[in-house]
Amino acid sequence: MTTSDTRDDVIATIVAAYAARPDVTPDQIVELLAKLKRELRAEAAPAPAPEAAAPTEEKPRPALPIDEAVTRDKVYCLCCGKGFKMLKRHLGAEHGLTEADYRRLFDLPEDMPLVAPSYSEKKADYAKKAGFGKYAREAVPSGRTAGAAQGESAC
Ligand SMILES: [Zn+2]
């Protein structure tokens, strides 16, 4: 309020001084007044808000720091903070996320493991021993593990 009073005073003073000149027409005074108001208002107004103010919808905050989300034996779900040997199934079942969704959601680097390192080592080891690649294409019936022999003793 004070600001606008002051501004109006300034305008009035300038316009009055201008109007006092003998060679000024009423139109010119009106024009000057309009111009002063426009300019002073623009000057007083705060800088225009940057385009598209930051959206209020933010990415979810991870349940724990990302650099603590992977330990040797467990990976922790950043959505709920629970620890697992591997996250994939949990993400799908609990959060309806694929691993790719999950990485995008938390800006995880591509090389961030979603399987506990010790588990993937064991699995790789096991897969090597068991010739797991052979079974990978067929869906393994639930409850059975790839260890169920197929009667192939050749290897
Ligand atoms: Zn979770």
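1. A residue is called buried if 20 or more other C-beta atoms lie within 10 Å of its own, exposed if 12 or fewer do, and partly exposed in between, with C-beta atoms placed from the backbone. Ser120 has 16 C-beta neighbours inside 10 Å, so Ser120 counts as partly exposed.

2. The model is a predicted one, in which local features need pLDDT of at least 70 and side-chain atom pairs count only at pLDDT 80 or more, while totals for chains, interfaces and linings use all residues. Residues are numbered from 1 along each chain as its sequence is written.

3. The chain contains six helices and two strands. Both terms refer to DSSP runs numbered from the N terminus: helices are H or I runs of at least four residues, and strands are E runs of at least two. Read from the N terminus, the order is α-α-β-β-α-α-α-α.

4. How much of the chain is buried? Of its 155 residues, 6% count as buried. Contacts are also worth a look; two residues are in contact if their C-beta atoms, placed from the backbone, lie within 7 Å. Among contacts in the chain with a separation of 6 or more, 41% are accounted for by residues 24 or more positions apart.

5. A nonpolar core is a set of buried Ala, Val, Leu, Ile, Met, Phe, Trp, Tyr and Cys residues joined through C-beta atoms within 7 Å. The largest one here has nine residues: Ala69, Val75, Tyr76, Cys77, Leu78, Leu87, Leu91, Tyr102 and Ala116. Ala69 touches Leu64, Val75, Tyr76 and Leu78, if residues up to four places away in sequence are not counted. In soluble globular proteins, nonpolar side chains tend to be buried together.

6. Cys79 sits in the loop between strand E1 (75–76) and strand E2 (83–84). Cys79 is partly exposed, because 18 other C-beta atoms lie within 10 Å. Apart from residues up to four places away in sequence, Cys79 touches Ala63 and His95. The C-alpha atoms of Cys79 and Arg61 are separated by 8.1 Å, and the two are 18 residues apart along the chain.

7. Helix H2 covers residues 26–44; its 19 residues reach 27 Å from first C-alpha to last, close to the 27 Å expected at 1.5 Å a residue. The expected span is 1.5 Å times one less than the number of residues in the helix. Is H2 buried or in the open? The number of buried residues among its 19 is zero, so H2 lies largely in the open.

8. Val15 belongs to helix H1 (residues 2–19). With 17 other C-beta atoms within 10 Å, Val15 is partly exposed. Leaving aside neighbours within four places in sequence, Val15 is in contact with Ile29, Leu32, Leu33 and Leu36. An α-helix has 3.6 residues a turn, so residues three or four places apart point the same way. Val15 and Val30 are 8.8 Å apart, C-alpha to C-alpha, and 15 residues apart in sequence.

9. Asp107 is placed in the loop between helix H4 (99–105) and H5. Asp107 is not a glycine, yet has a positive phi of about 55 degrees. Asp107 is exposed, because 10 other C-beta atoms lie within 10 Å.

10. Ser120 lies in helix H5 (residues 117–130). H5 has 14 residues and reaches 19 Å from its first C-alpha to its last, close to the 20 Å expected. Beyond neighbours within four places in sequence, Ser120 is in contact with Pro113 and Val115. Just after H5, Gly131 takes a positive phi of about 60 degrees.
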